[in-house]
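This report goes through one protein model, part by part. Please keep the sequence and the structure at hand while reading.

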Amino acid sequence: MASDLISIAKSGTQAARIALDVTAQNIANASSEGYVRRTVQMAEVSSSSGMRSVNDTSLSGVRISGVVRNADAFRQSEVRRTGADAARGNAEVAGLENIESAIEQSNVYAGIVQFEASLQRLASDPVDASLRAAVVEDARTMTSQFNIASSALDAAGTSLRFEATDGVEQVNLLSSELARVNLRLARAADSSSDQTALLDQRDLLLQKLSDYVGITTTVGPDQMVEVRLGGASGPQLVSGGNAASLAMTTAGNGTVSFTLDGNAVTPASGSLAGKAQALDKLADVRGKLDVVATTLISTVNAAQANGVALDGSAGQPMFSGTGAGTMALALQNGSGIATAPAGSLAGSREPGNLIAMRDALASADPAGGMDALLFDISATVAGRKVTRDALVTIAGTAKIALQSQAGVDLDNEAVNLIRYQQAFQASGRVMQVASDIFDTLLGIR
């Protein structure tokens with residue numbers, strides 16, 4: 001009996017020591033990125049008693065049946081899916097906010113309104129030099145504001161494309177590293193510490209990858225993962241030890257598209273999708289801004305051509321350019337404003353052509369077009385923020401669910417430390433009792 005007690009106690013101390021090691025590992029890696037909590041699984045050692053009695057009972061101690069990663073494949077998949085959606089929302093909103101700032105802070109709308117107001121004031125005295133000079137200066141300010149808006153949109157687009165390029169590089173880097181981890185997993189022994197660490201690395205790489213593009217994963221019996229862009233039928237990004245190459249192409253209007261090993265792909269989620277969507281909106285905003293600028297240029301220049309300047313000469317174009325970025329003031333002197341109708345004498349106070357110019361501007365309504373553009377981008381940003389906030393909340397809930405199952409809770413680990421320490425000490429006490437019994441038996445004469 002004494003020897004049975006010793007073997008049982010020995011198995012108990014060994015199991016408790018391993019459990020303490022695993023608990024210590026969990027505590028040490030509580031803040032390690034991608035670390036998944038380990039749990040020791042114990043099982044009774046089954047054996048037949050030498051007594052071979054009718055009521056034979058297995059009394060052979062305990063063994064470690066395995067060290068398990070507390071990783072839930074479904075919850076991990078949900079974190080990747082919802083995280084990709086949230087990343088898309090964050091990237092799109094950030095890009096849209098930059099577009100909104102570029103339009104609003106340029107004060108183009110205020111510049112158009114001020115220019116039209118200066119034309120209205122000039123109608124009260126068409127030959128007044130100061131009023132004419134005010135029109136020219138307000139026109140100069142307005143063209144500058146159009147230029148600033150265009151430059152700011154250029155800067156916003158450049159920033160988005162730079163971030164998207166970096167995102168493509170990160171996708172290729174992560175997918176290549178994931179392919180290497182796949183190869184190492186194929187060579188790692190089942191349930192070994194090396195395999196466990198590789199699985200943590202694999203899952204962390206997948207989570208990081210999903211921040212850039214939406215992915216679908218399939219894990220094989222050898223723990224190697226197959227990664228596809230988008231859904232289960234999407235193109236393969238990683239298969240075994242091979243990783244496809246993602247590339248980005250920029251179109252003439254500044255929008256971007258993606259290819260995977262030369263084949264066109266369209267990410268539906270992830271930050272790359274969000275940046276692509278923001279660039280699509282930027283191209284739309286730029287087109288509308290150019291329409292406003294072009295409409296204003298053509299309307300004013302057409303009116304100028306139908307009248308005469310203060311010196312009686314034919315009216316000349318007030319603006320040059322074909323859009324917001326190239327718009328410039330062509331008329332440098334207020335005397336060149338064609339306020340009088342064609343055929344009027346020099347110094348005419350007749351405001352007929354100026355009135356026609358104002359009526360044409362009222363009909364074209366560049367201020368209204370600019371106001372509609374401002375409302376459009378503001379409404380888009382507000383709507384996308386609502387969507388983004390909902391996606392972030394969903395992603396946060398998924399992360400909390402995964403963390404509660406796979407993360408390290410220091411309070412629980414502290415309890416485990418005490419529990420396994422007591423188990424170790426108790427098993428040691430059993431060994432002491434067995435030794436005492438054995439000594440007593442030897443002392444009997």
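## A three-stranded sheet

Three strands make up an open sheet in the order β7-β8-β9, and their pairing is antiparallel. Strands are DSSP runs of E with at least two residues, helices are runs of H or I with at least four residues, and both are numbered from the N terminus. Two strands pair if DSSP finds at least two bridges between them. The model is predicted, so local features need pLDDT of at least 70 and side-chain atom pairs count only at pLDDT 80 or more, while totals for chains, interfaces and linings use all residues. Residues are numbered from 1 along each chain as its sequence is written, and side-chain values use heavy atoms, with hydrogens and water left out.

The edges of the sheet are β7 (246–250) and β9 (263–265), each of which pairs on one side only. On average, neighbouring strands of this sheet are turned by 40 degrees against each other, direction ignored. Helix α4 packs on the sheet and touches β7 and β8, with a direction at about 165 degrees to that of β7. Contact here means heavy atoms within 4.5 Å. Axes are lines fitted to C-alpha atoms, for helices over the stretch in contact, and angles between N-to-C directions run from 0 to 180 degrees.

## Bridges and turns in this sheet

Five bridges connect β7 and β8 in the antiparallel sense, and T250 stands opposite V256 in β8. The hairpin of these two strands has five residues between them, where G254 takes a positive phi near 95 degrees.

Strand β8 (residues 256–260) pairs with β9 over three bridges, again in the antiparallel sense. L260 has N263 in β9 as its bridge partner. The loop between β8 and β9 holds D261, a residue other than glycine whose phi is positive, near 55 degrees. Most residues other than glycine have a negative phi. D261 counts as exposed because its relative accessibility is 52%. Buried means under 20% relative accessible area, exposed over 50%, and partly exposed in between, with a 1.4 Å probe and protein chains only.

## A four-stranded sheet

Another open sheet has four strands in the order β3-β4-β5-β6, with antiparallel pairing. Its edge strands, β3 (215–219) and β6 (242–243), each pair on one side only. Strand β5 (residues 236–239) and β6 run antiparallel and are joined by two bridges; in β6, A243 is the bridge partner of V238.

Helix α4 also lies across β4 (225–229), β5 and β6, and runs at about 30 degrees to β5. In the loop between β3 and β4 sits Q223, which has a positive phi of about 75 degrees although it is not a glycine. Q223 is partly exposed, at a relative accessible area of 25%.

## The nonpolar cores

A nonpolar core is a set of buried Ala, Val, Leu, Ile, Met, Phe, Trp, Tyr and Cys residues joined through side-chain atoms within 4.5 Å. The largest one has 43 residues, and those with the most contacts inside it are I112, F115, F146, L289, L296, M318 and F319. At least two of its residues come from each of α2 (73–105), α3 (108–122), α4 (129–187), α6 (271–305), α7 (352–364) and α8 (366–406). Apart from this core lies another, of 32 residues, including V168, V171, L206 and L272.

Leaving out residues up to four places away in sequence, F146 touches V108, I112, L289, V292, A293, L296, A324 and M327. L361, in helix α7, counts as buried because its relative accessibility is 2%. Beyond its neighbours within four places in sequence, L361 contacts F115, E116, L119, L296, T299, V300 and P366. The C-alpha atoms of L361 and L296 are 7.3 Å apart, although 65 residues separate them along the chain.

## One aromatic pair

The structure holds one aromatic pair. F115 and F319 form this edge-to-face pair, at 5.8 Å centre to centre and 70 degrees between the planes. Rings of Phe, Tyr and Trp (its six-membered ring) pair if their centres lie within 6.5 Å; planes under 30 degrees apart count as stacked, over 60 as edge-to-face and the rest as tilted. The pair links distant parts of the chain, with F115 in helix α3 and F319 in strand β11 (residues 319–320), 204 residues apart. Both F115 and F319 are buried.
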